[in-house]
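Welcome! Here is a short briefing on how some side chains meet in the structure shown below.

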Amino acid sequence: MQTLANWDGGPGPWILFLPLIWAAVVIGAVTFLRRTARRGRGGPWRLADSGRPAGDSPLAVLGRRFATGEIDEDEYWRRLSVLEEQFGRAGKGGAA
């Protein structure tokens with residue numbers, strides 16, 4: 001009786017399939033782990049954002065500096081008008 005492992009007195013070509021399957025599993029696992037590591041510590045479920053906290057926009061930073069007293073009101077309005085011109089909006093603080 002001929003079986004898959006014993007074909008014409010020898011192991012036959014079927015013996016190559018098990019190592020090929022294991023090689024494919026190992027290569028797939030290594031590829032998956034490398035791609036996951038490249039995306040960052042969050043893994044594949046991490047959102048692909050800019051990596052910056054949401055409140056870190058230039059306008060938010062300016063507002064935070066004004067709120068903490070780091071800059072006065074005149075400096076706030078001057079910088080706000082510059083930022084609004086840079087982002088393409090109409091200036092509010094007197095800058096043309």
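A residue counts as buried under 20% relative accessible area, as exposed over 50%, and as partly exposed in between (1.4 Å probe, protein chains only). By that scale Arg78, at 46% relative accessibility, is partly exposed. This is a predicted model, in which local features need pLDDT of at least 70 and side-chain atom pairs count only at pLDDT 80 or more, while totals for chains, interfaces and linings use all residues. Residues are numbered from 1 along each chain as its sequence is written, and side-chain values use heavy atoms, with hydrogens and water left out.

**Aromatic pairs**

- Two aromatic pairs are found in the structure; rings of Phe, Tyr and Trp (its six-membered ring) pair if their centres lie within 6.5 Å, with planes under 30 degrees apart called stacked, over 60 edge-to-face and the rest tilted.
- Phe66 and Tyr76 make a stacked pair, with 4.6 Å from centre to centre and 25 degrees between the planes.
- This pair links distant parts of the chain, ten residues apart: Phe66 sits in helix α2 (residues 58-67) and Tyr76 in helix α3 (residues 73-86). Helices (H or I, at least four residues) and strands (E, at least two) are DSSP runs, numbered from the N terminus.
- Phe66 is partly exposed at 34% relative accessible area, whereas Tyr76 is buried at 17%.
- Tyr76 also pairs with Trp77: the ring centres are 5.3 Å apart and the planes stand at 75 degrees, so this pair is edge-to-face.
- Trp77 is partly exposed, with a relative accessible area of 35%.
- Together, Phe66, Tyr76 and Trp77 form one aromatic cluster.

**Salt bridges**

- The structure has three salt bridges, each being a side-chain nitrogen of Lys or Arg within 4 Å of a carboxyl oxygen of Asp or Glu.
- Arg65 bridges to Glu70, with the closest N and O atoms 3.0 Å apart. Arg65 is partly exposed at 26% relative accessible area, and Glu70 is exposed at 54%.
- Between Arg78 and Glu75, the closest N and O atoms of the salt bridge are 2.7 Å apart. These two residues are three apart in helix α3, which means that about one helical turn separates them.
- Glu75 forms a salt bridge with Arg79 too, where the closest N and O atoms are 2.4 Å apart. Both lie in helix α3, four residues apart, or about one turn.
- Glu75 is buried at 18% relative accessibility, while Arg79 is partly exposed at 32%.
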